[in-house]
Amino acid sequence: MSEGLHSIKLPVSIETVWDFVSVIDRWAPLVPGYINHEMIGDGTLLWEFKGDLGLMKKKIKLEVTIVEWNEPDKVTFKLRGLNEKFDGYGYFLAEQYGMSETKMTGCLAIMAKGAKAPIANALLKTYVPQMTIEFSEAIAKNLLLPK
């Protein structure tokens, strides 16, 4: 399983982080290579993006299911490839430091399956950590935009 983990300290309250990450439409477009997303139920979405794995550039379609909304500090989700054989999971975690600083951590883990799994998993070892950093940084940037 390829895993990315990235933490950022932000000069905002934990409530500000929660207000942002608790609304899927705010952060779904921030994934690198985003094409679109569609809510298909309470806590389930279809997500489409272009994945650039170096040797392979593919349009990826995912089903993302929110497993846990734990206000104000954690959103946990699982994912399943719809056009590619892989599974994974991830989370956003917020930890308050003082009155107006929050440490936000993003985690993403993906494992390919099937005949192409050995090649895909080798490529994912670099891609997933980089994607996690880019995604977490994009969320942080949006949290710091003037309201």
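The side chains of His-37 and Tyr-34 are joined by a polar contact of 2.7 Å, a polar contact being a pair of N or O atoms within 3.5 Å; within protein, one must be able to donate a hydrogen and the other to accept it, and residues adjacent in sequence count only if both atoms are side-chain atoms. The model is predicted: local features need pLDDT of at least 70, side-chain atom pairs count only at pLDDT 80 or more, and totals for chains, interfaces and linings use all residues. Residues are numbered from 1 along each chain as its sequence is written, and side-chain values use heavy atoms, with hydrogens and water left out.

| Partner side chain | Distance |
|---|---|
| Tyr-34 | 2.7 Å |
| Asp-25 | 2.7 Å |

His-37 lies in strand β2 (residues 34–41); strands are DSSP runs of E with at least two residues, and helices are runs of H or I with at least four, numbered from the N terminus. With a relative accessible area of 18%, His-37 is buried (under 20%, 1.4 Å probe, protein chains only). Leaving aside residues up to four places away in sequence, His-37 touches Asp-25, Ala-28, Pro-29, Leu-45, Leu-46 and Trp-47, where contact means heavy atoms within 4.5 Å.

Elsewhere, the axes of helix α1 (residues 14–21) and helix α3 (residues 117–143) come within 11 Å and cross at roughly 115 degrees; axes are lines fitted to C-alpha atoms over the stretch in contact, and angles run from 0 to 180 degrees between N-to-C directions. Helix α1 is therefore roughly perpendicular to α3 (65 to 115 degrees). Thr-16, Val-17, Phe-20 and Val-21 of α1 meet Ile-139, Asn-142 and Leu-143 of α3.

Definitions and conventions:
Parallel < 35°, antiparallel > 145°, perpendicular 65-115°, else oblique. Buried < 20%, exposed > 50% of the residue type's maximum accessible area, 1.4 Å probe, protein only.
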